[in-house]
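I opened this model to look up how its chains are built and how their parts meet. My entries follow in the order in which I went through them.

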Amino acid sequence: MTPLTRWFLGGLYLALFAVAVPWYWPADSTRQWAGMPAWVGASVVASIAISLLTAGLLLRGGADEERAQ
Amino acid sequence: MTNDLIPFGPWALAFIGVYLLSLLGIGWLGYRRRESQTMSDFFLGGRSTGFIVLLLTLYATQYSGNTLFLFTGRAFRHGYGWLTSLHFMTAIVVVYLFFAPSLFRLAHRHRFVTPGDYLAQRFGSRRLVLLATIIMVAAIFNFLIGQMMAMGRALEGLTRLDTGTAYICGVILLTLVILIYESLGGFRAVAWTDAIQGIMLLIGFALLLVIVLQRFGSLGQANRLLGADPTTVALITPPTGQRCAEWISYILIVGIGGALYPQAIQRIYAARHEAALRRGLAVMAFLPLTTTLVVIAVGIIARAHWSTIGSANTRDDAVLAIVCRTIQEDSLVGHMLVVVLFSAILAALMSTADSVLLSISSMVTKDIYGRFIHTGAEDAHLTRVGKWITALFLVAAAYLAIALRDRTDLLRLLDRKFDLLVQLAPAFFLGLHWPRLRRGPVFVGMVVGIAVALLLAYRADLARILHVETLFGHPVTSGKPWGFHPGLYGLAANTIVAVVGSLATPHPTTAAAASDKIRATSPH
């Protein structure tokens, strides 16, 4: 993995966690998505994206290692 | 916490008895499968843990009884504000991604058994190993006592005995069960019982969600009820200001500290091969969605329907028990489901306690007894000593759990495990990826980090003792300064000392050697 890729991934994680923490929602927001508060939906979607990214990197790293061996 | 349940009948108690007996059987199987009388075999199961068992033991170890009781209670109290728990449990796996594969390769190359082995190999400093071991043991011994107290409380409401007797019998009975299977089979028994406990936990969470949805209605309906009531609408609106800072603080401190649990580090060592570890962690990345999110939903639903099932001034950790009682009262099927769910709760408590105990005994045996008291002792001798130390710590924890039954305030006061564990982060994270990191600055940084964390954590008590009321014109208060845990301030100071100190005192020979060592273990 190149240093540039590492920096990109670090930035991506920061961005995803920034979406997960609802600092950018108005305090009195009562918007709903499918019966859920919209900010909760956004936070959970960000969490799913973090899980997918992490799982993908873990599995891809393993495949890279097997190729290197 | 569960003395709100309807006492279990003979069949339900027999079900739990069979479960406990099965744990003893697994301990015996682990004993039969031992390959040698070595530390590696006893404390790491001969480094032969495959994907499924590794996944389940990691899961059962990371998700304790707290996850069910405390998280439900927190969601009940703070509403979706407790959604931060979903992110900090996910953050633990993100942190693993950063260091677990590199640590695994080093561990297999150098035959590490304890986290201290890595520090000794990387930094060659006995005092650093000693300090880190004391930090880890202090951090998780308290956790062990907490789990044992929760076991006692879990059994309080199940029999018709008075609560005090039931608590003591519960602690002693479960201590004996853990002692027998852990002494017999070591890590193998712990990992296999964890696998069963992990499956029960997964079933328990699924059951919990199904029965709560069936009994109380959907989450959307709960949201509508909470939103319609001016006294509860804040539970579904987004957190702001300092609450957002607390979210970030929780994500950082639990993400880093949870990944540095010594029992979790030893599971990294115990993996059969790197692919098993990577696959296990990849699945772990999704488990907060099936676990933490479930208990948050249960807490929210319970809060929305609280006027019909509970009373005001309920303690947070009693919420789940009251929900369970309501389900028990509904039907025989509900009662049976609660029996299964309760077994899962017991499984969560026991799996965390046994893993913590084994980790403590391995660290005390290898990193304190083996390095400082009886240097050069043979593996077989250390393994025997390790079994005695296991028994000693378990009995001490059981005694304290009984003695402190009514002093949970004291235990809470001493509970600074994440504030302490995060101070190991520079040694592990930077140590694995930055060859220039030096042992002297790492040691000093750790001392500074602990001092800052503890001073900030206990500043109000300290000010009371010193009769100081204000500092820089501000009253001295307890709590998290600006919403961040004291341990994070300590970690910042710790990292600055470690990095600046290492840059200021270059040591080309050591740095080059460390660099070679890390390069040799890196796949890239």
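This is a predicted model: local features need pLDDT of at least 70, side-chain atom pairs count only at pLDDT 80 or more; totals for chains, interfaces and linings use all residues.

**Chain B as a whole**

Residues are numbered from 1 along each chain as its sequence is written, and chains are lettered from A and ligands numbered from 1 in the order in which they are written.

For the overall dimensions, I found that the radius of gyration of chain B is 23 Å, close to the 24 Å that the globule rule gives for 524 residues, so chain B is as compact as a globular protein of that length. The radius is taken over C-alpha atoms, and the rule is 2.2 Å times the number of residues to the power 0.38. Along the principal axes, the C-alpha atoms of chain B fill a box of roughly 70 × 65 × 45 Å.

**Domains of chain B**

The domain assignment gives chain B domain 1 (10–351) and domain 2 (434–524), with bounds that come from an automatic or database domain assignment. I looked up the C-alpha centres of these two domains of chain B, and they lie 29 Å apart. In the contact between them, 18 residues of domain 1 of chain B meet 15 residues of domain 2 of chain B, contact being counted if the C-beta atoms, placed from the backbone, lie within 7 Å. On the side of domain 1 of chain B that touches domain 2 of chain B, α5 (84–110), α6 (115–123), α7 (126–156) and α10 (242–259) of chain B each supply at least two residues, and α10(B) gives the most, with six residues.

**Helix pairs in chain B**

I then turned to helix packing, with axes as lines fitted to C-alpha atoms, for helices over the stretch in contact, and angles that run from 0 to 180 degrees between N-to-C directions. Angles under 35 degrees count as roughly parallel, over 145 as roughly antiparallel, 65 to 115 as roughly perpendicular and the rest as oblique.

The axes of α11 (residues 262–270) and α17 (residues 332–373) of chain B come within 8 Å and cross at roughly 80°, which makes α11(B) roughly perpendicular to α17(B). I listed the residues in this contact: Pro262(B), Gln263(B) and Gln266(B) come from α11(B), and Ser355(B), Val356(B), Ser359(B), Ser362(B) and Met363(B) from α17(B).

The axes of α8 (residues 163–216) of chain B and α17(B) come within 6 Å and cross at roughly 140°, so α8(B) is oblique to α17(B).

α22 (residues 439–457) and α24 (residues 486–504) of chain B pack at an angle of about 160° with their axes 7 Å apart, and they are therefore roughly antiparallel to each other.

**Where chain A meets chain B**

Last, I checked the contact between the chains, which takes 32 residues from chain A and 31 residues from chain B. The elements that give two or more residues to the chain A side are α1 (3–20), β2 (36–37) and α2 (38–68) of chain A, and α2(A) gives the most to that side, with 17 residues.

Methods. Helices (H or I, at least four residues) and strands (E, at least two) are DSSP runs, numbered from the N terminus. Two residues are in contact if their C-beta atoms, placed from the backbone, lie within 7 Å.
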